[in-house]
Amino acid sequence: MKITFLAPHLRIAGGVRAILTYADRLAGRGHDVTVVVPAQRSWRAGWRNIRRLGPDWMPGFRARVRWVTGWDSARLPGADALIATAWQSADAVARAPADAGGRFYFIQHYESLYHGEAARVDATYRVPLRKIVISTWLADIMAERFDTPAAVVVTPVDGALFHPVPVEDDGHLRVLMLFHEYPWKGVADGLEAWSRVRARHPELTLVGFGVKAPPSKLPFAEFHENLPQERLAWLYSRCPIYLCPSWDEGLGMPAMEAMVCGAALCTYDNGGCRDYAIDGRTAVVAPRRDLDALAWGLARLVEDAELRRRIARQGQGFVGTQFDWERATARLESLLAAR
């Protein structure tokens, strides 16, 4: 098949990594795959095409990258499948000529909540494109709010990158939390939950990580800014607890990555986590934005070492076996072929 993805950019981000991993793996299965990416200036798009620039953080990327100044429907390459991957690209896919292929919408978050004008974004979910979503929660939203079916393909964790690695046991009990400036990532909630627990356990250490460091001083004992992909497994492996205070997640890849590396997950019920965070079995789950419950759940993992080890072991096994890149790619391939 000829397959075209419309990607918003090629910078390192969970959603973009999923798009590019599918593109790379489909190319590896013998398909002719093109990723169309906008550049801000025509000369920049041309220069990048001449240099054949792709995602430099994915060595050996097998799909073709085509830089454009905008997603012009009339100029999209002919294909068997054309895939929007963000609300900004949905209209371009819908208006594409017939030879651009079957039209799909790969949805990784309910973007109306936080990205763009809600009414505009909602309108893209009503466009007659075949929907593919990364969690059951998103499928439920498509069905309940937009009366449209959606196929679920949960994004797996890359086992080559994320797995337990040996770390020095220095006796510190570390809690790891992602820092992001978006309020809905719940950083303020996470800091408050940690503060409450640390008041009773002063030995507790909070570790932060993120693409950018916080603009102001926060109570992280250490912070890891923009770690290389291959170093994240080390970070996850040295922190026995992963705290996810996000209010809403399309899926929540960092939590899954931490689980595969052996961390016990304490999380809000953020929607997307329901495919892997089973309260009392694979995670400790607090109701959405219930700060008291989040702090209580974190305290349970801190104070009960056996519970922490059991949750970590069962979470690692569940995420590591239930979701697999070969199966997910084959599933996406079959959906695209059944256009």
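Modeller: One definition before we start: axes are lines fitted to C-alpha atoms, for helices over the stretch in contact, and angles run from 0 to 180 degrees between N-to-C directions. Also, this is a predicted model.
Biologist: Fine. At what angle do α6 and α9 pack?
Modeller: About 50°. α6 covers residues 187-198 and α9 covers residues 291-303. Their axes are 9 Å apart.
Biologist: Why call α6 and α9 oblique?
Modeller: Roughly perpendicular starts at 65 degrees and roughly parallel needs under 35, so the α6 and α9 pair counts as oblique.
Biologist: Which hand is the crossing of α6 and α9?
Modeller: Right-handed.
Biologist: And which residues of α6 and α9 meet?
Modeller: From α6, D189, E192, A193, W194, R196 and V197. From α9, L291, D292, L294, A295, L298, A299 and V302. By class, the α6 and α9 contact has nine nonpolar, four charged and no polar residues.
Biologist: Switching to α8. How does α8 pack with α10?
Modeller: At about 115°, with the axes 7 Å apart. α8 is residues 253-260, and α10 is residues 305-322. Roughly perpendicular runs from 65 to 115, so that is how α8 and α10 are classed. α8 passes α10 in a left-handed crossing.
Biologist: What makes the contact there?
Modeller: M256, M259 and V260 on the α8 side. On the α10 side, G315, Q316, V319 and G320. Four residues of this contact are nonpolar, three are polar and none is charged.
Biologist: Is α8 mostly covered or exposed?
Modeller: Mostly covered, with seven of its eight residues buried. Those are M253, A255, M256, E257, A258, M259 and V260.
Biologist: What covers the buried residues of α8?
Modeller: Among the covering elements are α1, α7, β11, β12 and α10.
Biologist: And what follows α8?
Modeller: G262 follows, with a positive phi near 105°.
Biologist: Now the cores. How many residues are in the largest nonpolar core?
Modeller: 93. F5, Y242 and Y276 have the most contacts inside it. Helix α1, residues 14-28, gives the most to this core, with seven residues.
Biologist: What is F5 in contact with, leaving aside its neighbours within four places in sequence?
Modeller: The contacts of F5 are I19, Y22, A23, L26, V33, T34, V35, V36, I83 and T85.
Biologist: And which residues does the second, separate core include?
Modeller: L173, L204, L243 and Y268 are among its 32 residues.

Methods
Residues numbered from 1 in each chain as written. Predicted model: local features only at pLDDT ≥ 70, side-chain atom pairs only at ≥ 80, totals over all residues. Heavy atoms only, no water. Helix = DSSP H or I, 4+ residues; strand = E, 2+ residues; numbered from the N terminus. Parallel < 35°, antiparallel > 145°, perpendicular 65-115°, else oblique. Left-handed = near helix turned anticlockwise from the far one by under 90°. Contact = heavy atoms within 4.5 Å. Nonpolar A, V, L, I, M, F, W, Y, C, P; charged D, E, K, R; others polar. Core = buried A, V, L, I, M, F, W, Y, C linked by side-chain atoms within 4.5 Å. Buried < 20%, exposed > 50% of the residue type's maximum accessible area, 1.4 Å probe, protein only.
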